[in-house]
Amino acid sequence: MPRFSVIVPAYRVQAYLHACLDSVLSQSFKDYEIIVVDDCSPDSCGPIADEYAGRDHRVTALHLPRNIGLGPARNAGIARASGDYLLFLDGDDTLVPESLQAVADRIDATGGPDVLVYDYARVYWSGERVRNAYAAPLAESGPASFRLTDRPELLKVLMVVWNKAYRREFVEAEGFTFPPGYYEDTPWTYPVLMAAGSIAVLDRVCVSYRQRRRGNILSTTSEKHFDVFDQYDRVFAFIDARPELALWRPVLYRRMLDHFSTLFTSPGRLPRRSRAAFFRRAHAHCRRYRTPGARVPLRARLRHGLFRLGAHRTYRTLWAAQRLRGSARQGVAAVFRAVRGAVLQLHYRVQLRLPVRPRDAVFAAYWHRGYACNPAAVEAKARELVPGLRTAWICRPADAHTVPAATRRLAPGTFGYWTALARSKYLVNNVNFDRRLVKRRGQILVQTHHGTPLKTMGTDLLDRPAASRDTDFVQLLRNIDKWDFSLSANPHSTLVWERTYPSAYTTLEYGYPRNDVYHRTSAAQVARLRESLSIPAGSTALLYAPTHRDYRRTEQNALDLERFLKVLGPRFVILARSHYLYGPAPAGSRTPHPRIIDVSAHPSLETLALASDALITDYSSLMFDYANLDRPIVVHLDNSEAYEAARGTYFDLAAFPPGIVARGQDELFGVFATDHWRGARSARLRAAFRARFCPYDDGYAAERVVRRVFLGESAGLPLPVPVKERRPTLPAVPAQDSARQYLSG
């Protein structure tokens with residue numbers, strides 16, 4: 001008997017069914033069966049189900065002789081199910097990787113509850129993922145299992161069938177079945193939760209809920225939405241048949257009115273000619289089931305009162321007025337933004353006529369993110385070496401806490417921001433400033449860049465539309481013409497920058513200031529950094545930091561980190577770092593794991609590098625910086641053909657790598673299982689890589705930049721320390737047992 005029976009009703013979802021079934025079959029947890037119920041679908045759902053059933057014995061294709069609807073189709077799946085728990089998955093949705101394992105673990109940890117409720121994320125056609133906004137009731141605090149009376153706020157979570165696992169014996173004992181109709185979830189989910197003797201929650205996104213542009217029956221304009229009245233009749237009949245559930249009548253009455261209100265006011269649900277009839281039916285249900293006692297928010301009281309009174313015209317009038325007020329408010333806000341923008345530009349033009357302030361310097365990085373990268377290292381050294389210098393940092397308010405107290409903080413788009421751009425003598429950034437920046441006589445603009453170029457950059461992207469997308473190359477050249485200095489970490493970078501960013505600036509081949517920290521941090525400081533990241537004492541920390549893919553809008557992990565940890569053994573932890581262009585993963589979208597530390601939101605990549613013992617990356621420029629630490633680097637070139645075709649590189653990384661190269665996941669696992677990742681060959685490759693790409697990163701790059709740019713010194717600058725004479729910061733822990741030793745016991 002399998003642990004789970006995953007029931008997948010299928011009707012007109014042929015375009016999505018493959019992805020749905022693959023998302024289950026690719027789960028690491030394997031103790032399940034899949035029952036695909038072909039609801040006499042007129043498309044290819046039936047043949048697709050047969051195809052999967054022929055490939056995998058765990059898949060059963062159940063073909064219904066006639067179309068009976070979503071609820072009865074699920075009943076047919078339940079009748080064939082043999083698993084301990086029932087899970088429902090619509091044919092156009094998918095399971096998130098590792099979800100079944102997470103569900104199984106949580107069921108075990110909570111003593112086998114009647115119902116386990118987990119979370120979901122809406123996935124739009126654009127690839128955007130948005131987690132359920134009402135996830136708070138899924139917090140795994142308090143008792144492991146409980147009854148609905150102990151956590152009634154659970155009813156705020158979307159009342160659907162597919163975000164829960166149900167103990168099959170409980171479902172059969174209670175005789176739960178799905179009725180026909182549009183809103184078949186309503187008379188299933190409410191009774192199930194009310195009747196359950198034990199409920200548990202899993203604060204994790206397990207289901208990707210596809211938001212189809214067209215074809216979703218609940219978004220179709222139809223009188224079939226009147227089905228909602230019959231479904232609430234069934235809910236209240238269930239309560240009436242069980243006197244012990246009478247306490248839920250006020251709650252369900254309020255939720256019923258909220259549901260009616262949502263349907264009535266949602267554009268495109270009800271045909272115009274049927275709105276009055278819908279309101280009359282809603283009024284009748286109010287009179288029939290009215291049960292005062294549940295607290296109603298102030299904003300909902302008027303709506304509920306109008307339903308009770310049957311005041312259809314008043315409701316529609318107030319609703320129209322509210323929509324008009326909202327539109328007017330948006331219009332006023334747009335006008336305000338336009339006026340404010342014009343005033344700001346007028347302010348900027350005035351400031352441009354005032355003298356440049358010779359002691360002012362303004363810094364920014366990564367399109368107004370926090371205090372980071374080369375500009376931060378230059379800013380800190382400038383405050384140390386330049387007497388009387390006043391510095392300001394441009395960043396979003398949310399990142400203001402990362403800026404040192406001695407540095408003024410400027411929010412983008414404010415009067416202070418435009419004043420600083422107009423009046424500061426020094427402007428330092430690792431990307432371009434606002435395109436409206438007017439470079440004045442007497443101003444000095446320093447472009448620090450934010451990495452050594454491995455992937456194709458600048459004007460070389462003209463022939464690579466997948467990577468350049470909507471790049472305005474004319475504007476790019478205008479921005480480049482504002483540069484006075486361009487920093488370079490090595491001769492390779494100098495040649496690339498001067499060709500791909502052609503202009504009359506001066507190249508400063510001084511090394512990257514952000515890498516100074518790798519030569520100026522003590523072992524005790526590294527230990528404190530590791531402690532701040534919750535890295536267990538005595539463990540080996542691997543920093544996993546892949547770069548983004550220009551041909552993808554969303555991140556797709558090429559590495560199964562949990563499987564990887566099984567290869568590595570208990571003394572390893574992984575610091576998982578998503579690329580900032582993808583943004584942080586939705587909260588709860590990853591399985592919590594004690595040895596996987598998500599550091600995507602950490603403000604300092606240099607801190608993460610110092611705290612780790614080795615780096616795993618792909619095409620990220622981080623490898624050039626990390627090589628300064630003389631610690632192992634493993635290059636994971638998954639899907640390299642697609643990357644080369646879309647973005648391209650300036651040299652063959654596989655032919656001149658900073659460490660061992662693995663072409664796929666299994667090969668990467670082998671590199672660590674055999675301990676090659678830190679062997680003699682890895683050290684030889686890293687030494688050659690350091691010699692070529694780290695000739696000037698010796699701990700004095702920021703000083704060289706400040707003395708040349710801010711103090712005007714061109715002679716007597718600190719000479720680069722030869723690579724062989726450098727003493728980078730040592731790892732915080734001694735070498736650990738190899739994965740091979742772990743696997744062999």
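Let's start with an aromatic cluster: Tyr190, Phe226, Phe229, Tyr232, Phe260, Phe264, Phe278 and Phe279 form one group together. Please keep in mind that what you see here is a predicted model. Across the chain, the count of aromatic pairs comes to 44.

Let me pick out two of those pairs. In the pair of Trp162 and Tyr209, the ring centres are 4.6 Å apart and the planes meet at 45 degrees, so this pair is tilted. Where do the two residues sit? Trp162 is in the loop between strand E7 (129-131) and strand E8 (164-167), while Tyr209 belongs to strand E9 (residues 199-211), so the pair ties together parts that lie 47 residues apart in sequence. Are they buried or exposed? Trp162 is buried, with a relative accessible area of 2%, and Tyr209 is buried as well, at 15%. For both, the cut-off for buried is under 20% relative accessible area.

Tyr190 comes from helix H6 (residues 186-195) and Tyr232 from helix H7 (residues 227-240), so to speak two distant parts of the chain, 42 residues apart, are linked here. Both tyrosines are buried.

While we're on rings, have a look at two arginines. The charged end of Arg55 sits over the ring of Tyr52, at 4.2 Å from its centre. Arg74, in turn, lies over the face of Phe178, 5.2 Å from the ring centre.

Now for the nonpolar cores. The largest one has 103 residues, and the members that touch the most others are Phe4 and Trp188. What does Phe4 contact, once we leave aside its neighbours within four places in sequence? Its partners include Phe29, Tyr32, Tyr85, Leu87, Leu100, Val103 and Ile107, and also the acidic residues Asp31 and Glu33. Apart from that core lies another, of 59 residues, with Leu410, Leu427, Tyr510 and Val709 among them.

With 14 residues, H23 reaches 20 Å from its first C-alpha to its last, close to the 20 Å expected. Which of its residues are buried? They are Ser682, Arg686, Phe689, Arg690 and Phe693. These five cover an arc of only 100 degrees around the axis, which puts them on the same side of H23. As a reminder, an α-helix has 3.6 residues a turn, so residues three or four places apart point the same way. The face turned away from the buried side carries the exposed residues Ala680 and Arg684. And what covers the buried residues? The cover includes helix H16 (491-500), helix H20 (622-626) and strand E22 (660-662).

Let me zoom out. The chain has 25 helices and 22 strands, and its C-alpha atoms fill a box of roughly 90 × 70 × 50 Å along the principal axes. Of its 745 residues, 54% are buried. Among contacts with a separation of 6 or more, 75% are between residues 24 or more positions apart.

One last stop is Ala173, in helix H5 (residues 168-174). Ala173 counts as exposed, at 68% relative accessibility. From Ala173 to Ala328 is 155 residues in sequence and 55 Å in space, C-alpha to C-alpha.

Conventions:
Residues numbered from 1 in each chain as written. Predicted model: local features only at pLDDT ≥ 70, side-chain atom pairs only at ≥ 80, totals over all residues. Heavy atoms only, no water. Core = buried A, V, L, I, M, F, W, Y, C linked by side-chain atoms within 4.5 Å. Buried < 20%, exposed > 50% of the residue type's maximum accessible area, 1.4 Å probe, protein only. Contact = heavy atoms within 4.5 Å. Helix = DSSP H or I, 4+ residues; strand = E, 2+ residues; numbered from the N terminus. Expected span 1.5 Å × (residues − 1). Arc of directions from axis to C-beta. Phe/Tyr/Trp six-rings, centres within 6.5 Å; stacked < 30°, edge-to-face > 60°. Lys NZ or Arg CZ within 6 Å of the ring centre and 35° of its normal.
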